Amino acid sequence: MRNSSLNLFMVFIYCFLQSFSFRWVFLWEKGYQETDAVVSSVTTKVKGVTLTNTSLLGARIWDVADYVIPPQGENTVFVMTNAILTLNQSQGRCPELPDDQTKCEVDNNCVPGYVSTHSSGIQTGKCVPYNSSIKTCEVFAWCPVEDDYHIPKPAFLREAENFTLLVKNNIWYRKFNFSKRNILPTINSTYLKNCIYDAQTDPFCPIFRLGKIVEAAGQDFQEMAVEGGVMALQINWDCNLDRAASHCVPKYSFRRLDNKDSAHTVSPGYNFRFAKYYKNSDGTDSRTLVKAYGIRFDIMVFGKAGKFDVIPTMINIGSGLALFGVATVLCDIFVLYCMKKKYYYREKKYKYVEDYELGADET
Amino acid sequence: MRNSSLNLFMVFIYCFLQSFSFRWVFLWEKGYQETDAVVSSVTTKVKGVTLTNTSLLGARIWDVADYVIPPQGENTVFVMTNAILTLNQSQGRCPELPDDQTKCEVDNNCVPGYVSTHSSGIQTGKCVPYNSSIKTCEVFAWCPVEDDYHIPKPAFLREAENFTLLVKNNIWYRKFNFSKRNILPTINSTYLKNCIYDAQTDPFCPIFRLGKIVEAAGQDFQEMAVEGGVMALQINWDCNLDRAASHCVPKYSFRRLDNKDSAHTVSPGYNFRFAKYYKNSDGTDSRTLVKAYGIRFDIMVFGKAGKFDVIPTMINIGSGLALFGVATVLCDIFVLYCMKKKYYYREKKYKYVEDYELGADET
Amino acid sequence: MRNSSLNLFMVFIYCFLQSFSFRWVFLWEKGYQETDAVVSSVTTKVKGVTLTNTSLLGARIWDVADYVIPPQGENTVFVMTNAILTLNQSQGRCPELPDDQTKCEVDNNCVPGYVSTHSSGIQTGKCVPYNSSIKTCEVFAWCPVEDDYHIPKPAFLREAENFTLLVKNNIWYRKFNFSKRNILPTINSTYLKNCIYDAQTDPFCPIFRLGKIVEAAGQDFQEMAVEGGVMALQINWDCNLDRAASHCVPKYSFRRLDNKDSAHTVSPGYNFRFAKYYKNSDGTDSRTLVKAYGIRFDIMVFGKAGKFDVIPTMINIGSGLALFGVATVLCDIFVLYCMKKKYYYREKKYKYVEDYELGADET
């Protein structure tokens, strides 16, 4: 008897789990809804100006056209926060940056035509003084070569913390032909001129202070500004379209995407090099090389909409009922094979139809 | 009796719905197919030249390298249609643009070092004449500051309506290792040199006239050209791979992505600022600031391919049969609990097995 | 009897298939797991320098800032491998490139104001000598017009084969809050400084030699470098999160995305035009037009993670059991409708309950 109680108990547990999972699929996971993934379009705009004062450049103002690269304002925005500038580079010969490979004593240490992945240019085979104490191999390159050993700290454009980022996001659910944008119809333009996003006080303001984005992801802006990094600005549009459209609102969240741990990575942070090209009065080219460190903001839009539909409802009811059927099967198995009086039950359960193939067609 | 007929009717309706939904899942929704989402690669190329004649620039020709920014031709293409150019900006001091905040009477109205989100630069604390009638606070900025109050209307590069956009799209269904491109094998290169997409006459020509794209989305190109906007060029690759590959063809559609209603939005349309930097003969920097308004074309590729596969077929048959089972269950419930003669039916339905636990093992 | 054996055999086959597909769904397809799609963030960096020596430019060194356009290092990287440079263009009048449409004998052949999709500029209506033997219509354009009939072969920057591409990829499975990056924790920085990806020897090195990528996709780098192309660098992160996180590793693969067959395509390969703008000492603009051919590397990240979850397990058990039910139904159908002694079986199967609606309520 203990055995059968145990079995009955298990069957009970099983039935409970099934009805629970059935309800879960139906109510929590909304098994009665057809779902669709979001289609999204993003435009962005950064605002802010800042002044720097360095011995190299003097007083200089930086505006959007200077520090947003590329300027387009798509769903990825880069804001330069730090930079190593190498002014007036021109094609020519000059000493390579000193490191284990490029330091030399005599010309013989340098191989004409040698170039490695980390070279600034192609070795000419000469050994020339880099400064008063060190000699390095001469290279044919954009000269003078960039010296990026020392990253400015604090960051050059540390004021970028106060810049603002406007995000305009239009979403569309194709199956339901439902579209909406993150600037909600309830928001007026006076509010939009001055608001700044805040999770508590202004959760629907589409204008973000860069410092706040970084902070909300648990990072330190000034630290991140030095070597750069990649941030995600996530917009979540999970919508239940069985309810009013006004309940379908964006939810913002922030996350750091690159790995902070600079010890375990090559080229930590986020940086890239670009150049501004000039034509000198004598017709030769020169350029300003910029190694730009900064924060890339990837605007990621997630979303799933659900709406009642007869097909998934039917399918889920089907699967769900099949689950209930498991109980019957289990009970049968238990009763017919496990219980003491199984022979008795079997006799009652099955109807034996005698097979008299060769006999008469009708009884 | 009325009650039971009603119930029978409901059961009938239910069975009908089930068999309908089963067929729906199987035939309409192709429940017997394994599906895969599209992987896509897009390259684009814009063609066209136009001439502008303004007092500021004189006669000037604009070609692809001038108005496509950035130039790469990926799945997002921006074509400049309007622009506010501020020539020969250099770092210096000049009066700020007049607005409620920057107008002043005396130096005391201006705060040295003040900068707001909408500033062009950093206030020096002086109040200087902007023009003969208005005085504004002086700023340290790229001078002269941009005046973007008046957007050129009609649009500066309104001829962009006649530019063409070539879209090359390769798609791939990973699961089925099926790839195809939007330039169909049946199309010859002579045709491609001269064709222009038209939904009726040339539905497979991959070259689009910009004006037609905008028009097909129900918009007015000249109106959109003034403040810019974002357009989607959608390519749909829904393919039934149980049929011949030649039936798998792209379907183009067009949609405006940004919100037209400029009253309810901040910075309506689509624009961004970029600058061309020059080195003057005295070594100082100057730049031409361009506030570029234009139309961004986002090429969006959608697609789902299906192919017969035994697994989803089995699963859907399973769910579907379970659905049929619902009818049995409902009939039982109805007959055993709702009908007048339920006791009679119950007696016939159930077999009572007497429990004589404590008695003999065999009957 | 033969008929019934056949039917029994079919039922047997069916049951076998079902139990097989059930196991398939459960074990191979991991029907007991909840799944999630990957969210990915990519940064890239190209390294390498090369020297060219042409009559037009003389000896010239090319570094990252010169040949990576745009410079940002997002999930799409373009490396210029070939180029047609048109130096010192300025706005003016000059003969159009000769072709069927633009060749002329007298002024009358040219239509003032005429512009086509393939024009370099707007016709002035004059017929002027293009060279000593050919006359073409004069255009108002950036002059001299670009002559792109002859693509340099071998490619101008053929050394790009040895450039390296560093790919940093962070992935995230939202549902399971699991994140990982392609620079595995087991890899130290010394290794990363010098490693080059190789499918056999270094499958987890995130640094790729461009030549190897192209080769791994079965293409010829030098051939591809001439007209350009689009390559996919695919990273696959299929992870079974029921196992240890260290088993979740990236798998790289390579594929050519554009169509190689240049005969069947318009503008084969991959190229785009951009310009560098200069200000002359007299204040006029000039530009260097670059028609850049090159290889675009699209880093595509795929991935699906699975983890045990009670809901999909229940649903799949449900569907699976329903499948088993099919056997019962089929057996019944067969026995009751197909076998010779069907009437006999029917009598045994069904219990007829007489309906005496109008009679007494109880028997």
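1. A:Asn177 sits in the loop between β8 (164–173) and β9 (178–181) of chain A. Strands in this note are DSSP runs of E, at least two residues long, numbered from the N terminus. The phi angle of A:Asn177 is near 45°, a positive value in a residue other than glycine. With 59% relative accessibility, A:Asn177 counts as exposed, a term that here means over 50% relative accessible area, with buried meaning under 20% and partly exposed the range in between (1.4 Å probe, protein chains only).

2. On the basis of the note: this is a predicted model, in which local features need pLDDT of at least 70 and side-chain atom pairs count only at pLDDT 80 or more, while totals for chains, interfaces and linings use all residues. Residues are numbered from 1 along each chain as its sequence is written, chains are lettered from A and ligands numbered from 1 in the order in which they are written, and side-chain values use heavy atoms, with hydrogens and water left out.

3. A positive phi is also found at B:Asn88, near 50° and again in a residue other than glycine. B:Asn88 belongs to strand β5 (residues 76–95) of chain B. Its relative accessible area of 48% makes B:Asn88 partly exposed.

4. A further asparagine, A:Asn162, carries the UniProt feature "glycosylation site", which comes from an unreviewed entry. UniProt positions are given in the numbering used here, feature names are shortened, and annotations may be inferred rather than shown by experiment. A:Asn162 lies in the loop between β7 (135–143) and β8 of chain A. At a relative accessible area of 44%, A:Asn162 is partly exposed.

5. Two cis peptide bonds deserve attention when the backbone is inspected. One joins B:Lys153 and B:Pro154, with omega about 5°; B:Pro154 is in the loop between β7 (135–143) and β8 (164–173) of chain B. Another joins C:Cys143 and C:Pro144, with omega about -5°; C:Pro144 is placed in the loop between β7 (135–143) and β8 (164–173) of chain C.

6. B:Cys137 is located in strand β7 of chain B and is buried, its relative accessible area being 0%. Apart from neighbours within four places in sequence, the residues in contact with B:Cys137 (heavy atoms within 4.5 Å) include the cysteines B:Cys94, B:Cys104, B:Cys110 and B:Cys127. Also among the contacts of B:Cys137 are B:Pro95, B:Glu96, B:Thr102, B:Asn109, B:Gln123 and B:Lys126. The C-alpha atoms of B:Cys137 and B:Pro112 are separated by 9.5 Å, the two residues being 25 residues apart along the chain.

Methods: Helices (H or I, at least four residues) and strands (E, at least two) are DSSP runs, numbered from the N terminus.
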